[in-house]
Amino acid sequence: MFMTWLFLAVIVIALVWAVAAYNKLIALKGATINAWKQIDVQLKRRHDLIPNLVEAVKGAMEFERETLEAVIQARNQAVQIQAGAAPTGGVQQLAAAEAALSSALGRLNVVVERYPDLKATGNVAQLQEELTSTENRVSFARQLYNDTATTYNVKQQQFPWNMIAGLAKTEPVELWEITDEKERDVPKVDLSMKPKQ
Amino acid sequence: MSDSNLFEQQAANRRRSVILVAIFLLFFAWIGFGGDLVFHLYTTDGGMSSQSIQVRDGTASSYRHVFPWFGVCATLLGAAMAWWGWKKGPKEILWATGAWEMIEPSRPEEKVLVNVVEEMAIASGLPKPTIWIVPDRDPNAFATGTDVNEAHVAVTEGLLDTLNRDELQGVVAHEMAHVQNHDVKLMTLLAALVGVMALISDGTRRLIWYGGAGRRRGGGGGGGKKGGAGALVAFLLIAWLLSVILAPIVSRLLALGVTRKREFLADATAAQFTRNPAGLASALRKIEDAAEPTRAIKQGTAHLCIADPAGRRLTHKQGHIANLLATHPPMALRIARLKAMAYQYDKTGEIPGVV
């Protein structure tokens, strides 16, 4: 009699835990997808801003056609990759494309600094602030996504959560990180002032 | 103690503030329900009580204090005041500072502020709060709103003019941290309970003053007859009366202790949002250097500000009394801890411990 009750109690406790675990995993999945959407929104904002910036500086920077074209090309590639990216696949390609775009924009910024009258016109300064803010937003959205996704990944692999993971149809998601060794490289700065060959 | 890492600092401050809040609530319960207990013992404990009550009003000799009216009433009163504060507080605070809501930024600095707030909303994962500008030259900022979905962040004009982008980001992150940690709710609750205790204390003091003489004569005689049990009751009564008389001071000090822990917590949470503790540290340095008081912000709102709007002098010296009465931890300590999070230790090489 006692054993029956004990058995029943164990089953009830296990069921209650399973329901709670299932719900927790679903909530984490939702949070991860939501964090991903945040990145998506910010990337779209960034991609929409770039043509405006290029338009604003184009007239004054005829000589810097290459820099501008590099920005546009990087932007178009990022837009293309973004369309196919999801937490479960393509995050790292998108991260690499966005990193390439960032470095192209960085070069453009350096060039813009060389044109004081360009900065003096309100429009460009305003666009630069918008761009700074957008870069920040992308990185904060990424930070939130990586934190949420890590919690989600760890939870669904931990015992005994992994027994429920199949039921909740969870799959590990990719983190926003750069695996390409070239991207990690710190740019070399040569301050030796030796004449180049 | 070497709580240097920002997550360790967060956990430590959260733990400490929880302990302080628990002590605060226990103290409140002792003032309320402890009074009931004392009164219960006093009225049920045989001859002593009936005699003393007879002495007092002659008729109520059969009264037994069973239902804890005192504690229940105090709790209800506290709950009502807290509820009122949660409903009306945020609007009143903003109204009192003369702040205006920024809907469409007109100056470049305002545009930067809007951008920074939106960035921090993303970093914290909270909805974007309403932005308010306080017309005051002194750099300061505060957050209010008891619901994370209806939060308000207010900054002074002086803040916009003094800080650069990274510093502004740190300050806004600190305010968003107050919102995320539910500090507005917690502080309004504590303020309501402090108010209730002040009321009880005041009422009891009057009662002792006007009605104490007769009771003291009767109680003393009864206590002598009952011996041990009577002495316990008398001891409890005296302890309770003493705590009631001291309640306004004790409760305020406890609430201030909680406030200071939440400030450290908000700093650490801000560092988590921006991952740039040095930005906030440099903002705090600038805010401290602008030694003027923020006249637009009332002292009642101080616990939600980035820096105490009035008591600058108190935060300078690290004396114990000054620390106990301050709404904010000493600025030097906050900056040192933020630097420790950024692994930029001061020259002494010491990691500031948790106070």
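For the helix pairs on this tour, an axis is a line fitted to C-alpha atoms over the stretch in contact, and an angle is taken between N-to-C directions, from 0 to 180 degrees. The model is a predicted one.

**First stop: H6 and H9 of chain B.** Select residues 165–180 and 277–289 of chain B, which are helices H6 and H9; their axes lie 7 Å apart at an angle of about 95°. H6(B) is therefore roughly perpendicular to H9(B), since angles of 65 to 115 degrees are classed in that way. On the H6(B) side, display B:Asp166, B:Glu167, B:Gln169, B:Gly170, B:Val171, B:Ala173 and B:His174; on the H9(B) side, display B:Gly279, B:Leu280, B:Ser282, B:Ala283 and B:Lys286. This contact comprises four nonpolar, five polar and three charged residues.

**Second stop: H4 and H6 of chain B.** The crossing is right-handed. Residues of H4(B) in the contact include B:Val112, B:Val116 and B:Met120, while those of H6(B) include B:Leu168, B:Val172 and B:Met176. By class, the contact of H4(B) with H6(B) has nine nonpolar, three polar and two charged residues.

Which residues have the most contacts inside the largest nonpolar core? They are B:Met120, B:Val153, B:Ala154, B:Val171, B:Val172 and B:Leu280, in a core of 114 residues. Helix H8 of chain B, residues 228–274, supplies the largest share of this core, with 14 residues.

Most residues other than glycine have a negative phi, and most peptide bonds are trans. Select B:His182, in the loop between H6 and H7 of chain B; its phi is positive, near 60°. B:His182 counts as partly exposed because 14 C-beta neighbours lie inside 10 Å. Move to B:Arg275, in the loop between H8 and H9 of chain B, where phi is also positive, at about 55°. B:Arg275 is partly exposed, with 15 other C-beta atoms within 10 Å.

Finally, turn to chain A and select A:Phe159 and A:Pro160, which are joined by a cis peptide bond with omega near 0°. A:Pro160 is located in the loop between H5 and H6 of chain A.

Terms used: Residues are numbered from 1 along each chain as its sequence is written. Chains are lettered from A and ligands numbered from 1 in the order in which they are written. This is a predicted model: local features need pLDDT of at least 70, side-chain atom pairs count only at pLDDT 80 or more; totals for chains, interfaces and linings use all residues. Helices (H or I, at least four residues) and strands (E, at least two) are DSSP runs, numbered from the N terminus. Angles under 35 degrees count as roughly parallel, over 145 as roughly antiparallel, 65 to 115 as roughly perpendicular and the rest as oblique. Two residues are in contact if their C-beta atoms, placed from the backbone, lie within 7 Å. Ala, Val, Leu, Ile, Met, Phe, Trp, Tyr, Cys and Pro count as nonpolar, Asp, Glu, Lys and Arg as charged, and the others, Gly among them, as polar. A crossing is left-handed if the near helix is turned anticlockwise from the far one by less than a right angle, and right-handed if clockwise. A nonpolar core is a set of buried Ala, Val, Leu, Ile, Met, Phe, Trp, Tyr and Cys residues joined through C-beta atoms within 7 Å. A residue is buried if 20 or more other C-beta atoms lie within 10 Å of its own, exposed if 12 or fewer, and partly exposed in between; C-beta atoms are placed from the backbone.
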